[in-house]
Amino acid sequence: MRALPADFAPRLIHWQARDGRHGLPWQGTRDPYRVWLSEIMLQQTQVSTVLAYYPRFLERFPDVAALAAAPIDEVMALWSGLGYYSRARNLHRCAQAVVADHAGRFPTTAAGLETLPGIGASTAAAIAAFCFGERVSIVDGNVKRVLARLLAFDGDVGQAAGQRALWDLAQGLLPPQPSNEDMRAYTQGLMDLGATVCTRTRPRCEVCPARGLCLAFEREAIARYPVKTRRVQRRFERWWLLFAVRGDAVWLQRRPERGIWAGLHSPPVFAGEDDMRAAVPAGWPSHWNATEPVAHALTHRELQLLPHWVAVSEAPAGWAGEWVKRSALASVGLPAPVRSLLGGAWATQVLDQ
DNA sequence: TAATCGTGGGA
DNA sequence: TTCCCAAGATT
């Protein structure tokens, strides 16, 4: 393979200053708490999505001590709809670890940061580079794509071995003796280049600062990179949801600590209609209303949610869970489709009666 | 190592 | 419609 282009880092830093992104809410601060929060929210999540959550979260939890002292349910409620809920649980654990084990201050090195819950190698590098100017490279989706093209990297970036190889290459591309400001611009530049120029489809090579260095461009093989062979296969499942309503409240249970929607609240879920009917206490109305099935795709599942509604006058004997008033739903962590169903026309009708 | 874990947007 | 995947970590 050709030697790594020494000119890449200075070009990227220069480009970032002029053409990179500068106005995002988590930029312009070196507060590790704020940078950390943004990095966790941005894991596998688009910037446009995080923009709605970040300020709300910061307003409620302005610093790591506030977050550490909060009940987990409140954290889950603020994370509700953002997905990958283990991030929220780890976020809370991490804040408590920082307070309990680090005197309330985040470690100042990538190695130290990586020991904390929910902070992996890439997130640790991002925080260390942004906040402390450490000379370490991130390796996120943007970097994989940018470097795979720049170097015509033929390894499979979807596999661990390919990712490790790419990481070594990324380290080799870092500016040799960067100032703190250089590391911030370089790290941000990698992300910005991938997000705005070296995009997955139809990259804008004509404005790329690394065009003259890019092997894939030179070989007219941009579309071949990054190499990714693994493809997702979704398993289809039907979930029966039973919304028991009493007045202006609905019965919700806490989901198990592992699996889909772990730690969130939801109505009881059943694998079949027979299971659902068998779970209903004697004396309940024998008839309930089924509303339109909802298709909900997760990374590895294709769920078909089958909502059923029943109005009752007493708590279901023997069921775990609790009544949650409609006015309290905003402060409960709910899966996105459940929140949507509870805000829908049928729910409104039933909860208002 | 490979599977698991959400959601919304774009092509 | 269907597929890909976005500032990945954990087990």
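How many residues surround DNA strand C, and which are the closest? In this predicted model, local features need pLDDT of at least 70 and side-chain atom pairs count only at pLDDT 80 or more, while totals for chains, interfaces and linings use all residues. Residues are numbered from 1 along each chain as its sequence is written, chains are lettered from A and ligands numbered from 1 in the order in which they are written, and side-chain values use heavy atoms, with hydrogens and water left out.

**View 1. Surroundings of DNA strand C.** DNA strand C is surrounded by 27 residues, the closest being Trp26, Gln44, Gly118, Asn142 and Arg200; a residue is near a strand if one of its heavy atoms lies within 4 Å of it. Of the atoms of DNA strand C that come within 4 Å of the protein, 62% are sugar and phosphate. Polar contacts are pairs of N or O atoms within 3.5 Å; within protein, one must be able to donate a hydrogen and the other to accept it, and residues adjacent in sequence count only if both atoms are side-chain atoms. A polar side-chain atom of Glu39 is 2.9 Å from a base nitrogen of DNA strand C.

**View 2. Surroundings of DNA strand B.** Among the 23 residues around DNA strand B, Trp261, His296, Thr299, His300 and Ala336 come nearest. A base nitrogen of DNA strand B lies 2.6 Å from a side-chain N or O atom of Thr299, and a base nitrogen is 3.1 Å from a polar side-chain atom of Thr45.

**View 3. The aromatic pair of Trp26 and Tyr54.** The structure holds 10 aromatic pairs, defined by rings of Phe, Tyr and Trp (its six-membered ring) with centres within 6.5 Å; planes under 30 degrees apart count as stacked, over 60 as edge-to-face and the rest as tilted. The ring centres of Trp26 and Tyr54 are 5.3 Å apart with planes at 85 degrees, so this pair is edge-to-face. Trp26 is buried at 9% relative accessibility, and Tyr54 is buried at 2%; buried means under 20% relative accessible area, exposed over 50%, and partly exposed in between (1.4 Å probe, protein chains only).

**View 4. The aromatic pair of Phe57 and Trp79.** With ring centres 6.1 Å apart and planes at 85 degrees, Phe57 and Trp79 form an edge-to-face pair. Both Phe57 and Trp79 are buried.
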